[in-house]
Amino acid sequence: MLRKSLAALLVLVLLSALAVAPAFAEPAEGEKVTMNVMFQGGATGADRPDFVMQKLTERFPDIEFIPNIVMGDESNYATKIRTLIAAGGEGLDVWWDRGGTWVMPVLAAKAALPLNEYLDKVPVFWDTVTKSAIKPHTDGNIYAIPCEEVFWEIIHYNKAIFDQYNLEVPKTLDELIEVCRVLKENGVIPIVCSALAGWPACMMVEGFAYTIDPEITKKIMNGEAKFSDEPYVEAAKAIKKLLDAGAFYENTPLCDEAEAQALFYSGKAAMWPNGSWALAPAYENMDGNCDYFYYPAIRPEDVDEIGKTCSGGVKDNAGAMVYSGTKYPQLATEVAVAMSQSYQQYLCEHDKSPFVVYDGEALGWDIPDFAPPSLRLVEDMGKFEFSYPFVQDVMPSAAAATMLMDSTNKFFTNSSSYGVDEFIADLDRSMLEK
Amino acid sequence: MKKVLGSKLAITLFCLPGLLLFVIFVLYPLYDVIVYSFQSYDGINPGKFVGLKNYILLWNMPDFWEANVRSLYLCGLTMLVDTVFVSIFALIIVGLKPFFQKAYKIAFLLPFVLSISVISQMWLAIYHPEWGILNSVLEAVGLGQFAQGWLLNPDIAMICIGFVGMWWIFGMQMLLIYTGYRSIPENYFEAAQIDGANYFQSSIKIALPLLTNVIRLSLIMTAVGGLYTFPQVYIMTRGGPGGYTETLMMYMYKQIFSNLRFGLGSAIAFIAILETCVILGTITLLTRRERIQY
């Protein structure tokens, strides 16, 4: 009897201990906490990571941060994250993830912490963030807090060159072809597109497809349409027309972002299709001679629809993430929020980008004077009737996204053996890549 | 020493550290590659055994075969240039005055001092269609009609990329064969000279047969180098434009790191290893000869 009573007592003690235990382990008073923070350096240089690390250190003086700034391209970076996770997560607490299809295995492995309940306890977050930018995953959980700004598919153009040759911003494909003809005749590269990486070329095809049916990408991803339906076929034909007209820079299929930027900034190229993240830096570097326009309508009857819809927004599951095995999840979530905020602060203060998802004034940032085209785009954003993330970020798998980008790169070679039909057939096939 | 070498235990103990490293860093990863090649694995989540599915998939993938053919083509081309031509070149240099021998050796070895990444970046600039040196030189010497986008032309892009690796390793291969030549006892050539043989005849009849082992080594190095061409492709074209320069290694890299298909990538790796074994076996068989005693 005594044994049974003691056993019951022991069980009761254990259960009550469990009940009163804090829901989330947090560091004890005075405990020195170490936190591994990882994000990509590479293309943006060291300034941004340095700024973020400095802000984190100021905000969390009791935490010893171990920064892991990975140089190199996106795949190097993503591989490092996956390797750390596969190796048991040692050395990983908070990291920036580029999201899209690449993050799917990370989510499937339950390596990212669902942040919903932790975010509610972060002191300065929900009051300062644009709520629509915090996008839950399909399972309803929030895994990422955005670091990158909101961006849109636009075509940047050199105002000085357009003025010099009395060119108007094209509203239709035919007008664009005519603008390209004039520029080419005058020794200016009409369009520079960094097709080497694949995605800028995909953006161009999608940009034209949007002018026929803005919801086409969403429909394709939902299985309600195909790439071989009218919008993408017409978009491919539009690109083909431009390629045949010699509208693109000769080295387009092997042109990278740095080369395209250099050609556009130097005035050798007149138009640069890119995400709106490039708008403010281009305006700054070109003495105010950079402006933007939306993709011209393929069909003249769609001209009035231009600017009402635009592909882009906030990337799914992209931003600061917390490793599910982190020792102090609440603290790590606060660090992730701080990482997101300081990253965006840098974009706002240094890059003069107004496309941030936080209320900078409420957070005490030094708000600069934004470039007029950027402000105009911010104004437009409020009027967009429909938007959907870029096609390469919403493909069903990483292999599908790769095939889409490779096919588009191949299409931009304008090879006689790879025309519109072959390209569209490959796009349809890419949807089957698992 | 004799006592030590006579003891099997001592020999085993001496070999053990090297053997251990070999097992850890060569055999175990190789075993892992073979295991992964029978799995569907994304690099994070536990792999699922899928039998021969990855190999069957590869069999039906035209891109894989095209990449394989390109790599084998590069393998053959590199062997031809960096062994056959280099051997001829080395034999010519050996006949020059010492000053010129040194000058040529240094000149050809210089590229090898730089990493292949730097070399690739340099050649990327040389080949550039708009501002590349190659087109400028052609224009300057009146051969402007040949100026073109060297890496954009599907017919020559692969050769242009292959040339970068061949150019890079040319000096190293030359030094290898040159050193092999210098190690042949002088009296062989003197005897041939007394018998009335000229330089060409001594090179063909004496030097080349005695250089068989060195040439075999050179063939093996160039064959492997050609088959496993990757950094030049990654830096210069990423397999583009339109996949025209995608080698087997680039294809494997893409499957693993872009498509997250670690299982399929491992199957490609295993096939590449088998191909290497066949190529190296063929080279060894073709260059097999009796042991030469000087």
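How many residues of chain B are in contact with chain A? Select both chains of this predicted model and you'll find 23 residues of chain B in contact with 24 residues of chain A. Colour chain B's side of that contact by class: eight residues are nonpolar, ten are polar and five are charged.

Next stop, the inside of chain A. Pick out Val192(A), Val205(A), Ala269(A), Ala336(A) and Met339(A): in the largest nonpolar core, which has 168 residues, these touch the most other members. Now highlight helix α13 of chain A, residues 329–349, which gives this core its largest share, eleven residues. Colour the domains of chain A too: domain 1 (33–149 + 315–363) and domain 2 (151–313 + 375–430) both give residues to the core, so it lies between them.

Zoom in on Ala336(A). Leaving out residues up to four places away in sequence, Ala336(A) touches Val94(A), Ile145(A), Ala320(A), Met321(A) and Val322(A). Then hop over to chain B for Leu176(B), Leu211(B), Ile215(B) and Ala223(B), which are among the 21 residues of a second, separate core.

Back in chain A, select strand β6, residues 269–275. This strand is mostly covered, with seven of its seven residues buried. Which strands pair with it? Look for Glu153(A), which stands opposite Gly275(A) in β6(A).

How values were computed
Residues numbered from 1 in each chain as written. Chains lettered and ligands numbered in written order. Predicted model: local features only at pLDDT ≥ 70, side-chain atom pairs only at ≥ 80, totals over all residues. Core = buried A, V, L, I, M, F, W, Y, C linked by C-beta atoms within 7 Å. Buried ≥ 20, exposed ≤ 12 C-beta atoms within 10 Å, placed from the backbone. Helix = DSSP H or I, 4+ residues; strand = E, 2+ residues; numbered from the N terminus. Domains from an automatic or database assignment. Contact = placed C-beta atoms within 7 Å. Nonpolar A, V, L, I, M, F, W, Y, C, P; charged D, E, K, R; others polar. Pairing = 2+ DSSP bridges.
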